[in-house]
Amino acid sequence: MGTERMTEIEEEGKRAFAEAGSDEVLRELEVRFFGRKSELTAALKGLKDLSAEEKREIGPSIQGTRTVLMEAFVVAKERVEREGRDWESERIDVTAPGIAEPLGHLHPITTMIAEIEDIFTRLGFDVADGPELENEFYNFDALNMPSDHPARDMQDTFWIESEGLDTRYLLRTHTSPVQVRYMETHVPPFRIIVPGRVFRNESTDATHEHTFHQFESLVVGETGDVTVGHFKHLAETFFAEFFGHKIDVRLRPSYFPFVEPGFEFDISCVFCDGKGCASCKGIGWIEIGGAGMVQQKVFEAAGYPRGKYQGFAWGFGLERLAMMKRRIPDARLFMSGDLRFIRQF
Amino acid sequence: MKFSYNRLKELSGTEKTPAELAECIMFHTFEVESVDRYGHGLESVVIGLVESVGSHPDADRLRVTTVSFGDGGTRTIVCGAPNVAEGQKVAVALPGAKLPGGIEIKDATIRGIASSGMICAEDELGLGSDHEGILVLPEDAQAGTSFAEYAGFEDTILDVNILPNRGCDAISYHGMAREIAALEGRQPLSDVAPITLTSFPESAVSVSVETDRCRRYVGILFQGVTSSSSPLWLKSVLLRSGIRPIGIAVDITNYALLEYGQPMHAFDADKIIGGIVVRQAREGESLILLDGKTIALSVDDTVIADEEGPLALAGVMGGNRSGITSETTRVFLEVATFDPSSIRKTASLHRLSTDASYRFERNVDTERATPSAIGAIRLFVETAGASVLGVTDVTTHQDEPVSVRFAPSVFKDMFGTEIPLGDAKEKLGCLGVVVTEDGDEWIASVPTSRPDLRDAWDFAEEVGRMIGYDAFPSTAPHVVLSAPTADESIRFGRELRTFLASSGFDEIKTYSFYSDADAKRFGPDMTDQHLRLANPMNPDQTSLRASLLPSALHKTRENLRFLDSFRFFELGDRYQRNGTGEVTEERTLSIVIVPKKGEDGFASLKGALEKLFRFAKLADTAWEALPEDDTSGMHSLFHPTRTARISISGRTIGVAGEIGPAAVRAYGLRGTVVSAQLSFDLLRSSSGTVSTFQPLPKFPYATRDVSLTVSRSVTIGQIERIIREASPLLRQVEVFDIYEQEGEKKVAFHLSFGFDDRTVTGEEVGCEVEAVFTATERECSAKRSA
């Protein structure tokens, strides 16, 4: 039997498998082409009687035909099965709801803190933390606000009834007390961020909440190593990351006792790129927070020698930023505990 | 402070428009809160000349006048004022005018005579309370022109937020004008009038200063003060600066306050008995203030007194006894300087904040009294018809210019940019700071009005802001490379929150305080452990929270209005004090579940917590019923027999259970509410570290179902412990069914047995199951059930 015959069998078989329309026909074809009495099986058996040269000549074509036909058989079998099944009777309604897996929602301030922490930690900052129930020294005195300082009026304070306590406690009015707490145990250079809950004894309205969250950043190095120019750069870098596009930062003079010089800082309006819109009241800039170069008296309160170090601190309210980014109209929603609000984020 | 743009322009010589001036101040000195046209409300008020005055045919008290308005013709106006006379210049409100006093002017017929407009009195124009007669204007007023323009009301007001460190020099027209001139690179206009106080005779009222809290006291005695009202220009400046005119003596002190930033006080000299003594208040003294309130004085208060006792609270407010009245003709004017911190103490003790105390708190230098006093004297003489009887000037402490030595390298160090030193010196010069050089160092001579300039950094700030912070380029820092150290507690907090959210819990944040009622529900033992606010905002927020549960329950009630079932958590701090006065702040995880209908709330909570414990890799957690003798007030909101105490390795980390019926009622809840309160720090410190690999079991375990019936009082925890102890081959225990009936409880377990090094045989498993039956029967009378 020669290779010509193999080609014929192959052609015949391929045609037969392609035309097969039922399981019965397929079974017959299986016997006909692969059965013990089939021509192919006989040819395979007959190989052993051939000379080595004949084997080399005809062997591959017999094997090849068998492989091709086996593949044709498998394809035909799958096709017959697919075509013969009543798929419609098995149909499910894929638009029916899934089995509910509960999903909770993080508070928008939590999400924002994580977002900001991630940006700063990528820039090599440590995250520091401090108590909300703070004492007078860290919240005021160490930050160059002795008790007779008019600047204490800038921050209405929730004081704790002090009877029987070792010192005067309060609910921290800003996250800055952590500056001194951190410096007491660390030596420059360092760069940290401090997120946290702060309190002001002010009545609440759509833009004011007596309990809110602040975020501040402190960078300290040797004198001359950490400058106003560096602060501008860091602020621009941070806000560009945070908003996802280039942001300009503008400084205006201000006063906070724990920095000198002190700044208010504005960023170019993130909604109109500084062209002027309703969100920035047409001026192209949005007032974001306070900043400044660390007062030497603060370094001294932390036990650093006067004049050796220099640094900057800056911070801003998170609710304000969240309100801007998420278009939240009322600051009181953050502490409302209203799950219908939380579930939007 | 509200500044009149026109006055600032006069004093500073600026050519900027109001908007330009505001922007300049914004970027170099202070925040400008607003720039607004002054709203005088006098749009249709025009100056008129009374041509003739005739009587009204039908009314004795009315006059019929003819008033001319230059090119604007003449009008007939009926007027009721007794003082109207021919030849007067008057302010006429034309028909259509809406006056500040609320009157609307229309053409009218008054007792048969057509009247077109109204000749105005002071009060109708919003200039004061005087309604005795019409306002008669000086001769120079031009008929037909706008009254508002004549009176200086066409002005723009800049509301400038003066920063606390510039309180000494900038809360006044002269101070702000000096600043504006300096920003424009000019020396200040002549600040000080070249007159001295020594040219006057000694005052007849003696002054004795007995406290060093009064640094200087200038007393000026006037006679012949008229009680008439202030001239129009003076009222106009006061009104534009937001101060209501009162009477001439007080108006002059207010004007001087605005002009120089020097508070003054005018006494009725005839009410002063003996001389003036400036001293500390004595125990038991009291004072009736100008506003009629009586205050009990503290020995820390400084008072101005006479022989009879205190006359005024020094630097804060005058007293009733010596106040100026319409009968006053002799005035004793006080121009004094007080110690800032003592004024601050007094003002805050008595909760009085006045224009005077505001400035004194921010420091008024002793040098200012002289020019201010001379300015006031000139006004009393020129506008109040007064003459000076004498002047007394007592100084206990004199402010002197201060020299500060510093290295100008601070500029480059601070801003990262080279600043030409000549520029810096010139900028400081414009501020009145004279710089001389000494080698590499500068010696700056600082005027007394700038106590905020005391070290190198102060000067760096001045130079930096005058140049403008925009001038300093943003530059990337060179920093030492260091890996951030991860704060475990922050990392764990983030993981915990994310885990809870993905397990279906919404995160809320609530206030750190609650009401007295909330605090009291924890029982009397807890009362002393609560910290309280000394100055709460409202009665619902008086105590610092010692637990997050009350707020969680309030929020549960509020959410139940809109939602039937939900689960939420808060990760926040609670605060407590102990008997020895120590305070603690502890981060707490507070969880609430309001189960769905048919859902077993406690089981859901326990399931969620067990998942949490697995997530946090907490080993050896145990749940036990709250002991009957648990007296902790913290647990008093929970149901006594449906609450578990949870511990890790024997240490309690919190509780979980149903809210008790009393609390459900108290917080207005309905149905079942379950909650857990866990210590965050204990969760974190017990949480496992990175796991190491354990060899995988090679041989399959054999599992048998075992069903036991026990008395209801036997807990599943007990049975589980007995089973585990009974069989050394036991690898896993799982409860798959619990059924309670008639005081009995049937519990079904899947028990898996196995060896680590070979397959367990059926026979061996049979023995183990027998051992389990025997042990449970012996120890808790368990019967094997079918």
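Modeller: In strand E4 (residues 190-199) of chain A, both faces are covered. On one side A:Phe190, A:Ile192, A:Val194, A:Gly196 and A:Val198 are buried, and on the other A:Arg191, A:Ile193, A:Pro195, A:Arg197 and A:Phe199 are buried. The model is a predicted one, in which local features need pLDDT of at least 70 and side-chain atom pairs count only at pLDDT 80 or more, while totals for chains, interfaces and linings use all residues. Residues are numbered from 1 along each chain as its sequence is written, and chains are lettered from A and ligands numbered from 1 in the order in which they are written.

A residue counts as buried if 20 or more other C-beta atoms lie within 10 Å of its own, as exposed if 12 or fewer do, and as partly exposed in between, with C-beta atoms placed from the backbone. Strands (E, at least two residues) and helices (H or I, at least four) are DSSP runs numbered from the N terminus. In a regular strand the side chains alternate between the two faces of the sheet. Because 10 of the 10 residues of E4(A) are buried, the strand is largely enclosed by the rest of the structure.

The partners of this strand come next; two strands pair if DSSP finds at least two bridges between them. Strand E1 (residues 126-127) of chain A runs parallel to E4(A), with 2 bridges, and A:Val127 has A:Ile193 as its bridge partner. Strand E5 (residues 211-222) of chain A pairs with E4(A) in the antiparallel sense over 10 bridges; there A:Phe199 stands opposite A:Thr211.

Chain A also meets chain B: 65 residues of chain A are in contact with 75 residues of chain B, contact being defined by C-beta atoms, placed from the backbone, that lie within 7 Å. Helix H14 (residues 488-502) of chain B gives the most to the side of chain B that touches chain A, with 7 residues.

Chain B itself has 22 helices and 38 strands. Its radius of gyration, taken over C-alpha atoms, is 41 Å, well over the 28 Å that the globule rule (2.2 Å times the number of residues to the power 0.38) gives for 786 residues, so chain B is more spread out than a compact globule. The C-alpha trace spans about 130 × 85 × 55 Å along its principal axes. Buried residues make up 44% of the 786 residues in chain B.

A buried helix is also found in chain B. In helix H5 (residues 173-183) of chain B, 10 of the 11 residues are buried, so this helix is largely enclosed by the rest of the structure. Among the buried residues are B:Tyr173, B:His174, B:Arg178 and B:Leu183. Just after H5(B), B:Gly185 takes a positive phi of about 80 degrees.

Chain B also holds an open antiparallel sheet of 4 strands, in the order E14-E21-E13-E22. Strand E14 (264-268) and strand E22 (387-395) of chain B stand at the edges with a single partner strand each, so one side of each is left without a neighbour in the sheet. E14(B) pairs with strand E21 (residues 331-338) of chain B in the antiparallel sense over 5 bridges, and B:His265 stands opposite B:Glu334 in E21(B).

Definitions and conventions. Two residues are in contact if their C-beta atoms, placed from the backbone, lie within 7 Å.
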